[in-house]
Every structure is written in C-alpha cells, then in structure tokens.
Amino acid sequence: MIPAFDRPDATRNASPYLYGKESQAVAAVLDSGHYGHTDVTEAFERGVARFLDVPDAIAVSSGTAALHTALVAAGVGPGCEVIVPSMTFCATIQAILACGANPRFVEVDPGTLCVCPEDVLNNLSKTTTAVMPVLFGGRAVDLAPIQDLLAERHITVIEDAAHAFGSCLDSQRVGADPAVITCFSFGPIKNLTCGQGGMIVPRTPDEAQKIRDLRMLGVVESAAERATSTAYQVKTAGFRYQMSSINAAIGNAQLPHFAGTEADRKLLWRTYRDSLNHVDDVTLVDVDVDHSVPHLCVVRVPHRDQVFRHMKSQGIAVGVHYPPNHLQPAFAPWSRQLPMTEEISRQIMSLPFHQHMDGTDAHRVVTALEQALAAVGAGR
C-alpha cells in the first residue's frame with residue numbers, strides 16, 4: 001500500500017493499482033533487449049487461460065484491438081449489422097465501424113445498464129451478424145435463453161468484457177463460455193492492468209489460429225522462427241495488434257495478486273452499497289457483486305449535472321460512464337430513438353472507485369453526495 005499522503009483516494013475517479021513487482025518485471029524485459037511479442041507474452045497468455053480455465057487466450061495490444069480482431073475473425077464486415085448497446089465507451093462502436101459494419105444501437109436494462117435477451121431478439125434483422133453485449137461495470141450478461149436461436153442464424157456473440165475480468169456467470173468465469181468470443185481490456189485502470197493491452201478468448205482452435213494470424217499482419221511464422229529463416233509467409237490481411245513483452249510483464253506481475261484485487265474491489269463496492277442505503281433519491285446500478293469483480297460504482301441521481309458540478313467543487317472525482325453513443329456526431333448515421341438510454345444518461349454518475357480507496361474514502365464520497373443533493377434541492 002502506498003503512503004496515505006500520496007493516496008489518490010476520492011480525488012480521482014479511478015487509478016492504477018500496482019503490487020510492487022511490476023517495475024522489476026519490466027526492467028527484466030528491457031534488459032533482455034527483446035520488447036515485442038516474446039515468450040513473456042506467451043507466458044501471460046497461458047496464465048490468463050489457466051485463471052479462466054479455458055483452452056486458449058490470445059494477447060493483443062488493447063481492448064479495442066481485441067474487439068476489432070474478434071469481429072473480423074467472426075466474419076463481420078461491410079453490409080453486416082452488429083447489435084450493441086449505446087451505453088458503452090465509444091471504442092466498442094469504433095471497433096464495429098473499423099470492420100465496415102453497421103452498429104444497431106439497443107436499449108439497456110435501467111437496473112444493470114446491460115442489454116437483455118428480449119431487446120436483442122426485438123432488434124434482429126436479416127443482416128445481423130453479431131451481437132456485442134457490454135458487461136457494464138463488471139456484470140456478466142446472460143444471453144443463454146436466446147443462444148440457440150442466435151446459433152441457428154449464424155449470429156456470433158462477442159462479449160465486450162473490458163470491465164469484467166475475473167467476474168463470473170453462475171460458477172464460471174467470464175470467458176469460459178465456449179459459445180461466445182470474449183474480449184478483455186488490460187488498460188491502466190482495469191481490474192488487471194498491463195499498462196495497455198487486451199485478450200481474446202476464442203471458441204475453437206481454428207478460430208484461435210485465425211486470430212493469431214490477424215494480430216500479426218497475417219505473418220505465419222513466429223518472431224523466433226523468422227529470426228532463423230531467410231523468408232517468411234504472409235497468408236492473410238492483418239493488423240499490428242500483438243502485445244509487447246513489456247506490457248505482458250506487467251500483467252504477469254499482476255495476475256498472482258488477483259485474488260486480492262477481487263476481494264478489495266468487492267469490499268469497496270459493498271461499502272458504497274451499505275452507505276448509500278439510507279440516501280434518498282439515489283439508485284445504485286447493480287453489478288451483482290456476489291458474482292462480479294466490480295470495475296465501476298455508478299449511481300442514478302436527480303439533477304445530475306448540478307450534483308456533478310457540486311461534488312467536483314468539493315474535490316470529489318465523480319465521472320460519467322458513458323454519454324450515449326447513438327447521440328454522438330460520429331455515429332449519427334446509425335442514430336435512433338432510445339428513450340430509456342437517454343433518460344438514464346441524464347442521471348448516471350460514477351463515484352470514485354479504485355483500490356487505493358478504503359471505507360473511510362467511500363463514506364467521505366457518500367457524505368459529499370448527500371450534501372450535493374441537499375445543495376441542489378433534490379427531491380423538491
């Protein structure tokens with residue numbers, strides 16, 4: 001734990017958390033002189049696969065790269081439609097557009113900010129090729145009730161699990177469902193960080209090989225094989241999306257501590273929940289904390305913009321996750337009416353949430369929220 005006087009507690013909405021071995025791991029890679037995809041990256045892939053109890057996991061340079069590569073591997077391209085919630089970070093939508101596909105924005109459940117099977121069914125079309133549920137705040141999304149129908153129509157489920165590394169659906173870790181492709185992010189403030197990075201869990205060995213080909217410009221041979229050869233083969237179009245060994249080294253140092261990460265994030269979220277129980281006019285977005293490793297703590301409040309500004313003025317680093325994408329200028333061609341999402345978007349506010357915080361910090365935030373609500377006259 002870093003000293004209290006340096007702790008970025010409630011003055012930051014989120015903050016990376018390091019366990020102390022990351023610098024040593026990065027230094028070892030720097031000393032090796034090999035910074036690209038190496039055995040360090042492959043060790044991280046194997047470690048994540050063991051943790052998730054899956055046959056394979058493929059490291060890439062970011063969560064966005066994971067989504068883009070997974071979509072391409074699933075055959076999503078021009079003329080295809082991808083069902084996706086508007087309530088997500090814009091990277092989700094940019095990955096769809098990068099394939100030349102069209103996003104079909106759908107509503108979310110107001111209690112969870114995740115998509116429901118019924119909304120997916122109601123938005124299927126002849127060109128629907130993929131469904132991209134976003135595991136908002138770390139909560140798993142269960143599309144099992146419609147999975148057979150999606151499979152019959154050859155529609156691929158690609159999970160945007162950027163928030164949800166370590167979370168579970170029932171007793172299985174997110175990523176362990178063989179019927180879906182799962183994409184994780186290991187950015188600076190994620191549940192597990194590589195500084196920057198992502199991971200794809202494929203459905204089959206053939207799909208895994210396809211993703212590996214795509215992430216390294218379509219080059220067949222590994223870096224080690226190319227080093228001892230006078231030629232190499234490029235068999236498909238591809239991207240420069242491999243994860244560097246520098247980033248993988250950080251992930252390797254983080255992964256053994258994940259049980260502590262899980263416990264700390266669950267405890268902080270429950271502390272917020274218990275503190276907010278007596279606060280009128282505030283609704284906590286449910287992440288199913290018994291099964292999730294929470295990434296965010298989001299509330300719905302009246303007079304959000306005024307409350308937001310008041311809390312900022314008190315040094316409390318609230319945020320908004322996320323402005324709805326169907327109203328963004330870049331995505332105007334695919335905009336449609338989503339009244340529930342638009343109503344929610346005017347209410348949601350993210351409370352500071354990271355592992356440098358403790359219960360005292362959480363209580364301070366809730367007290368500031370109560371004061372802000374009183375100051376703006378909420379409920380009158």
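At what angle do helix 3 and helix 7 pack, and how far apart are their axes? The legends below take up this question and others. The model is predicted, so local features need pLDDT of at least 70 and side-chain atom pairs count only at pLDDT 80 or more, whereas totals for chains, interfaces and linings use all residues. Residues are numbered from 1 along each chain as its sequence is written, and side-chain values use heavy atoms, with hydrogens and water left out.

**View 1. Helix 3 and helix 7 pack against each other.** The two helices meet at an angle of about 125°, with their axes 10 Å apart; axes are lines fitted to C-alpha atoms over the stretch in contact, and angles run from 0 to 180 degrees between N-to-C directions. That makes helix 3 oblique to helix 7, a word used for angles that are not under 35 degrees (roughly parallel), over 145 (roughly antiparallel) or 65 to 115 (roughly perpendicular). Helices (H or I, at least four residues) and strands (E, at least two) are DSSP runs, numbered from the N terminus.

**View 2. Three strands form an open antiparallel sheet in the order 10-11-12.** Strand 10 (283-284) and strand 12 (348-351) are its edge strands, each pairing on one side only. Four bridges join strand 11 (residues 297-300) to strand 12, and the bridge partner of Val298 in strand 12 is Ser350.

**View 3. The largest pocket holds about 630 Å³ of space.** A pocket is an open set of points on a 1 Å grid over the protein atoms alone, where a 1.4 Å probe fits, with protein on both sides within 12 Å along at least five of seven lines; lining residues have an atom within 4 Å of a point. The volume is the space filled by probe spheres set on the points, which are joined across faces, edges and corners. Of the 27 lining residues, His37, Glu42, Arg215, Ser222 and Ala223 are the closest to the centre of the largest pocket.

Note on methods:
Pairing = 2+ DSSP bridges.
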